[in-house]
Amino acid sequence: MPDRQPIRQPALKANGLASRVALCPPSRAGTSPPQSDRPPGHGPSWRKRRVLLLNTTFEPLTALPLRRAIVLLVCGKAEVVHGDSAGMVLHSATASVEVPSVIRLSNFVRVPYRGRVPLTRAALMLRDNYRCVYCGARAETIDHVVPRSRSGPHTWENCVACCTKCNHRKADKTLNELGWRLPVAPHAPRGRHWRLLAGLSETDPLWLPYLGEPAA
Ligand SMILES: [Zn+2]
């Protein structure tokens with residue numbers, strides 16, 4: 001899509017909302033559509049934007065594409081908990097919808113418990129706070145504590161966040177050989193919010209109070 005085109009959302013058939021909506025920052029609301037799909041201060045493009053969906057109990061369930069979140073809102077199946085931090089608004093011919101960051105379902109959904117949280121780079125970095133477990137510097141890599149070349153498994157218990165320097169020094173050695181030690185034994189995180197985080201490459205800071213809650 002050319003940059004100069006206004007954002008066009010797909011058809012929203014709910015509640016008589018007009019078939020097309022345009023996305024406007026607050027200062028432009030009701031005047032003209034934005035010139036770009038990357039409003040200032042918003043890193044990810046709007047197409048990639050995700051909205052945190054909470055159960056009625058405020059338990060985090062998943063991260064929806066913005067488009068699907070808007071459909072839930074206009075269908076009355078969810079309500080906005082937190083709006084977009086920049087106050088962005090979606091406009092159609094007949095209605096305006098606040099761009100949400102966090103929404104909450106109107107009716108409780110029961111989600112079956114699903115075992116172990118998948119190991120992803122994003123979730124591992126969050127578990128270890130983006131810090132190298134060996135020196136505390138900012139982590140850029142994942143280290144296998146028992147090296148893969150020595151049959152170390154790719155599991156939560158054997159993977160840690162690591163800076164490039166330590167990873168390079170550690171190479172294919174074990175901690176015993178280097179005289180290094182781990183401050184705490186790595187473990188798999190528990191809880192549904194970790195399952196959610198494992199599938200995300202980035203999060204909105206407005207989500208953090210919900211993601212920090214222990215999952216039921
Ligand atoms: Zn390090």
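Visitor: Which residues does Thr164 touch, not counting residues up to four places away in sequence?

Guide: In this predicted model, Thr164 touches Glu140 and Thr141 once residues up to four places away in sequence are set aside. A contact requires C-beta atoms within 7 Å. Thr164 itself is found in helix 3, residues 164–170. The C-alpha atoms of Thr164 and Cys132 are separated by 8.9 Å, although the two residues are 32 residues apart along the chain.

Visitor: Why does Thr164 count as partly exposed?

Guide: A residue is buried with 20 or more other C-beta atoms within 10 Å, and exposed with 12 or fewer. Thr164 has 13 C-beta neighbours inside 10 Å, so Thr164 falls in between and counts as partly exposed.

Visitor: What makes Cys159 buried?

Guide: Cys159 has 21 other C-beta atoms within 10 Å, and the cut-off is 20 or more, so Cys159 is buried. Cys159 is found in strand 9. Leaving aside neighbours within four places in sequence, Cys159 is in contact with Leu119, Leu124, Ile142, His144, His154 and Pro186.

Visitor: Which way do the residues of strand 9 point?

Guide: In strand 9 (residues 159–162), Cys159 and Ala161 point one way, while Val160 and Cys162 point the other way. All of these residues are buried.

Visitor: How do you know that strand 8 and strand 9 pair?

Guide: Pairing requires at least two bridges between the strands. Four bridges join strand 8 (residues 141–144) to strand 9, so the two strands pair. They run antiparallel. Within this pairing, the bridge partner of His144 in strand 9 is Cys159.

Visitor: Why are Asn129 and Tyr130 called exposed?

Guide: Asn129 has 11, so Asn129 is exposed. Tyr130 has 12, so Tyr130 is exposed as well. Asn129 lies in the loop between helix 2 (121–127) and strand 8, and Tyr130 is found in the loop between helix 2 and strand 8.

Visitor: What is the phi of Asn129 and of Tyr130?

Guide: Phi of Asn129 is near 65 degrees, a positive value in a residue other than glycine. Phi of Tyr130 is near 60 degrees, again a positive value in a residue other than glycine. A glycine with positive phi, near 75 degrees, is Gly76, which follows helix 1.

Visitor: What makes helix 1 mostly covered?

Guide: Seven of the nine residues of helix 1 (residues 66–74) are buried. They are Leu66, Ala69, Ile70, Val71, Leu72, Leu73 and Val74. The buried residues of helix 1 pack against strand 2 (50–54), strand 3 (60–65), strand 4 (78–83), strand 5 (89–92), strand 6 (96–98) and strand 7 (100–105).

Visitor: Which residues have the most contacts inside the largest nonpolar core?

Guide: They are Leu52, Leu53, Ala69, Ile70, Leu73 and Ile103, in a core of 22 residues. Strand 2, helix 1, strand 5 and strand 7 each give two or more residues to this core. Helix 1 provides the largest share, seven residues. A second, separate core has eleven residues, including Cys132, Ala139, Cys163 and Cys166. In soluble globular proteins, nonpolar side chains tend to be buried together.

Visitor: Why are strand 3 and strand 4 said to stand at the edges?

Guide: The open sheet of four strands has the order 3-2-7-4, with mixed pairing. Strand 3 and strand 4 each have a single partner strand, so one side of each is left without a neighbour in the sheet. The twist averages 30 degrees from one strand to the next.

Visitor: How do you know that strand 4 and strand 7 pair?

Guide: At least two bridges are needed, and five join strand 4 to strand 7, so the two strands pair. They run antiparallel, and the bridge partner of Val80 in strand 7 is Ile103.

Visitor: How many helices and strands are there in the protein chain?

Guide: The protein chain has six helices and nine strands. Buried residues make up 26% of its 216 residues. Of the contacts in the protein chain with a separation of 6 or more, 61% are between residues 24 or more positions apart.

Definitions and conventions. Residues are numbered from 1 along each chain as its sequence is written. This is a predicted model: local features need pLDDT of at least 70, side-chain atom pairs count only at pLDDT 80 or more; totals for chains, interfaces and linings use all residues. Two residues are in contact if their C-beta atoms, placed from the backbone, lie within 7 Å. A nonpolar core is a set of buried Ala, Val, Leu, Ile, Met, Phe, Trp, Tyr and Cys residues joined through C-beta atoms within 7 Å. Axes are lines fitted to C-alpha atoms, for helices over the stretch in contact, and angles run from 0 to 180 degrees between N-to-C directions.
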